[in-house]
Amino acid sequence: MKEVTYSSTRGEGVKYTASMAVLKGLASDGGLFVPDHIPSLDKTLAELSEMDYQNLAYEVMKLFLTDYTEEELRGCIANAYDSKFDTPEIAPLSESCGSYYLELWHGATIAFKDMALSLLPHLMTTAAKKNGLKKEIVILTATSGDTGKAALAGFADVPGTRIVVFYPKSGVSPIQEKQMVTQRGDNTLVVGIHGNFDDAQTGVKKIFGDNEFARELDEKGFVFSSANSINIGRLVPQVCYYVYAYTRLLKEGRIKDGELINVCVPTGNFGNILAAFYAKLMGLPVGKLICASNTNKVLFDFFESGTYDRNREFHVTTSPSMDILISSNLERLIYYIAGNSSDRCAQLMGELSGNGNYSITADEKKGLADFYGGYADEAQTADQIKKIYEKSGYVIDTHTAVASFVCDEYKAKTGDETPVVIASTASPYKFTRSVMNAIDPEYDKKTDFELIDDLSKLSNTAVPQAIEDIRSAPVLHKTECDVNEMKSVIAGFLK
Ligand SMILES: *Cc1c(COP(=O)(O)O)cnc(C)c1O
């Protein structure tokens, strides 16, 4: 198998093995790690369609994570995709109103982040062992709500690791917050910051770039890493489920071998949809990649105009995990459309951190031809939940509803009848109030846990264990801080 090495999108000039890239998380020049080439699938789609999730995941990931042995990688996969998931299919497909919903929320924290974050701690501790790293790994994470809990669940009490999660104190759903602040594990710290997700993410990136702080901690036996979707160890596991979805449709006779499918993804930090693009580059027959945004439609505007501009009002929406104006993983696509030029990528990212905007050339914009951008505002999102529920009895969460709306709009505008797989990124139980209000505003009078029981009756589904777990769990984390205090909070925790 051809080795894949990783280097920074901004030209740091160092080549890393996959395991070192997983350990480091972010390049020291602030860039993201990208593979030197995208490997091609080396099994046929027919062969892959006979495999279960775990075996298929191995076949995809072995192509990217080439310095992990078969035993190591299979071990990581076995530890990740086990009974923490409430279905042996791991990522089942559900057909509703003419689209296929790929349910990525059957893991421990009922959002799609579990797909990668159940695996990342194992990839990381394996990488530490392989590379003889003796230091304690400190995971620093900024979250718009779902990454935080999924990372906490993945890393809690994992020997040799600690985890610090920063979330926007007023920018997550009550259930998201309750899930995080009730987290157990002596190695965990959860902090509400006075700011939005972008503030949290920028703060974390700044700490990663603070070489002096890194040296101080190094002397105390700590090394930072990231569980955010900028870590290549998050991206690679996400490629697998697009291959899985395709091969399930193939196995069920819904599509023919080689027939194109479109993929529609509710997008924030651009990790999930980038994984779908990587799957396409590996040879998976994917046509359009439909990128769905909420009111924070910075990506929609980018696909329209070729100008990325974060200078705009930030909206807190009912799909908080997509309330993002600096979409980090887009940097990997920019690098790709610039012909793998780290100079050009570094230049554009410099403009973004300086003026808050950049424009790509007409030639570069041609590289975006596979993408279609759309967005749903708050009313359209709520109407879509109601519409799908009334037509089919299927209840989708707010994020999935953004994608579902954009998908229907895409079909109506273009007449494209290619089968579509919609990434369903969260269980409706995670955003119960917004979901139930969308179906009937009368529900707003009830408490969160009454709504959960109502949702169970209405959708004829069992309340997930993740929700049962927080009904009576004590709050264990009460730390809050300003954005400029993030560093000292970390230093305090690592004393
Ligand atoms: C994180 C998240 C998204 C956005 O995914 P990206 O990979 O950041 O684009 C969408 N929906 C839910 C529920 C999420 O948790």
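Predicted model: local features only at pLDDT ≥ 70, side-chain atom pairs only at ≥ 80, totals over all residues.
Residues are numbered from 1 along each chain as its sequence is written, and side-chain values use heavy atoms, with hydrogens and water left out.

View 1. Helices (H or I, at least four residues) and strands (E, at least two) are DSSP runs, numbered from the N terminus. Strand β10 covers residues 286-293, and seven of its eight residues are buried. Buried means under 20% relative accessible area, exposed means over 50%, and partly exposed lies in between (1.4 Å probe, protein chains only). Two strands pair if DSSP finds at least two bridges between them. Strand β9 (residues 261-266) pairs with β10 in the parallel sense, over five bridges. A crossover is called right-handed if, with the strands pointing away from the viewer, the path from the first strand over the helix to the second runs clockwise. β10 also pairs with strand β13 (residues 371-375), in the parallel sense and over five bridges. There, C291 has G373 of β13 as its bridge partner.

**View 2. The six-stranded sheet.** The strands of this open sheet follow the order β3-β4-β14-β9-β10-β13, and the pairing is mixed. β3 and β13 are the edge strands, each pairing on one side only. On average, neighbouring strands of this sheet are turned by 25° against each other, direction ignored. Axes here are lines fitted to C-alpha atoms, for helices over the stretch in contact, and angles run from 0 to 180 degrees between N-to-C directions. Within the sheet, β9 pairs with strand β14 (residues 420-424) in the parallel sense over three bridges. N262 stands opposite V420 in β14.

**View 3. The five-stranded sheet.** Five strands form an open sheet in the order β8-β5-β6-β7-β15, with parallel pairing. Its edge strands are β8 (222-226) and β15, and each of them pairs on one side only. From one strand to the next, the twist averages 30°. In a regular strand the side chains alternate between the two faces of the sheet.

View 4. How many residues of strand β7 are buried? Six of the seven residues of β7 (residues 188-194) are buried. Strand β6 (residues 161-168) pairs with β7 in the parallel sense over six bridges. In this pair, V164 stands opposite L189 of β7. The β-α-β crossover from β6 through helix α8 (residues 174-181) to β7 is right-handed. β7 pairs with strand β15 (residues 479-482) in the parallel sense, over four bridges. H194 stands opposite D482 in β15, and I193 stands opposite C481 in β15. Helix α8 packs on the sheet and touches β6 and β7, and its direction makes about 155° with that of β6. Contact means heavy atoms within 4.5 Å.

**View 5. Helices α3 and α4.** Two packed helices are described by the angle between their axes and the distance between the axes. The axes of helix α3 (residues 53-64) and α4 come within 10 Å and cross at roughly 135°. The two helices, α3 and α4, are therefore oblique to each other. Angles under 35 degrees count as roughly parallel, over 145 as roughly antiparallel, 65 to 115 as roughly perpendicular and the rest as oblique. α3 passes α4 in a right-handed crossing. A crossing is left-handed if the near helix is turned anticlockwise from the far one by less than a right angle, and right-handed if clockwise.

View 6. T87 lies in the loop between α4 (70-80) and β3 (93-96). T87 is buried, with a relative accessible area of 12%. Not counting residues up to four places away in sequence, T87 touches P92 and H106. I255 is found in the loop between α11 (232-251) and β9. I255 counts as buried, at 4% relative accessibility. Leaving aside neighbours within four places in sequence, I255 is in contact with Y246, L249, L250, I261 and P419. I255 and T418 are 163 residues apart in sequence and 9.9 Å apart in space, C-alpha to C-alpha.
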